[in-house]
Every structure is written in C-alpha cells, then in structure tokens.
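This report examines how parts of a protein chain pack against one another. The sequence and structure are shown first.

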Amino acid sequence: MSQSDPIAARKALMKQNNDHARDMVQTMRGQKPFDAAAVEAAFAQWADTAQKLPGLFPDNSKTGQDTRATPKIWQNKKDFDEKAAAFGKAVAENRDKAKASLDGLKAAIPVIGKECDNCHEDYRVPKQ
C-alpha cells in the first residue's frame with residue numbers, strides 16, 4: 001500500500017499509533033489493567049512506524065486526502081527523518097522497561113510522547 005498510496009499508509013500508521021497511545025494512557029491511569037502483551041503490541045507497532053514513516057513522504061504525496069503533513073517535511077527532509085529515527089530510538093530504549101511493569105510503562109510513555117510531539121510540532125498541521 002505504501003508505494004501506491006503513501007498518504008493512506010501513513011494515515012493508517014498514525015491511527016494505529018494513536019489507538020495504542022490511548023490504550024497505554026488508559027492503562028497508566030488505571031482505566032485498563034496492565035497487560036504486557038498489549039504493551040508489547042503497542043511498542044512493536046510504534047517501532048514499525050518509525051521504520052516505515054520516512055519512506056511514506058514521496059514528492060507526489062504533498063497534498064490530497066486531507067493530509068495533515070506540512071510542506072516543511074519536504075523542505076527539511078533530513079530533520080524529519082532524524083526525528084523519525086529519534087522516535088524509533090526512544091521506542092527501542094523503553095520497550096523492555098515498559099512491558100516489565102506498570103511503573104516501567106509510566107516512565108516510558110512520557111519519553112515516547114515527547115518524541116511524537118517533537119515531530120508533530122514541526123510537521124503536522126493542527127486540527128481545526
């Protein structure tokens with residue numbers, strides 16, 4: 001799908017990211033029980049996103065489908081790719097800690113969230 005429709009592919013990845021983030025925050029708040037398998041699934045999906053994301057912004061995907069990608073991605077592609085790599089590094093460095101315990105998850109999620117925000121601040125159009 002990424003080759004034929006990169007916008008749809010990246011939107012699908014971001015939806016999965018958000019779904020997992022919501023689940024992990026609910027777990028941290030005690031609204032869901034801690035489940036190491038669910039934590040692992042979230043971190044596995046986030047690692048997949050970090051790997052795939054840089055390749056999902058070819059020049060022909062700057063507009064369409066209500067994309068929230070800003071033109072800055074293509075103007076600062078190196079920085080964008082570095083931020084995706086930093087997100088991947090944060091996921092990798094916090095994965096084992098997060099799935100080991102609720103306290104580990106509580107320590108890991110702010111780190112992951114910071115890396116998400118670092119990219120979104122520069123490269124995502126805010127919702128209107």
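This is a predicted model: local features need pLDDT of at least 70, side-chain atom pairs count only at pLDDT 80 or more; totals for chains, interfaces and linings use all residues.

Residues are numbered from 1 along each chain as its sequence is written, and side-chain values use heavy atoms, with hydrogens and water left out.

**A pair of helices**

Two packed helices are described by the angle between their axes and the distance between the axes. Helices (H or I, at least four residues) and strands (E, at least two) are DSSP runs, numbered from the N terminus. Axes are lines fitted to C-alpha atoms, for helices over the stretch in contact, and angles run from 0 to 180 degrees between N-to-C directions. The axes of H2 (residues 36–52) and H5 (residues 102–123) come within 13 Å and cross at roughly 20°. H2 is therefore roughly parallel to H5, a term for angles under 35 degrees, while those over 145 count as roughly antiparallel, 65 to 115 as roughly perpendicular and the rest as oblique.

Contact means heavy atoms within 4.5 Å. On H2, the contact with H5 is made by Val39, Phe43 and Trp46; on H5, by Leu105, Ala108, Ile109 and Ile112.

**Nonpolar cores**

A nonpolar core is a set of buried Ala, Val, Leu, Ile, Met, Phe, Trp, Tyr and Cys residues joined through side-chain atoms within 4.5 Å. The largest one has 14 residues, of which Met24, Phe43, Trp46, Leu105 and Ile112 touch the most other members. Two or more residues come from each of H2, H4 (77–100) and H5, and H2 gives the largest share, five residues. A second, separate core of 11 residues includes Leu56, Phe57, Cys119 and Tyr123.

**Two single residues**

Buried means under 20% relative accessible area, exposed over 50%, and partly exposed in between (1.4 Å probe, protein chains only).

| Residue | Relative accessible area | Class |
|---|---|---|
| Threonine 70 | 11% | buried |
| Lysine 89 | 51% | exposed |

Threonine 70 is found in the loop between H2 and H3 (72–75). Not counting residues up to four places away in sequence, threonine 70 touches Asp122, Tyr123, Arg124 and Val125. Lysine 89 is found in helix H4. The C-alpha atoms of lysine 89 and glutamate 115 are separated by 9.5 Å, although these residues are 26 residues apart along the chain.
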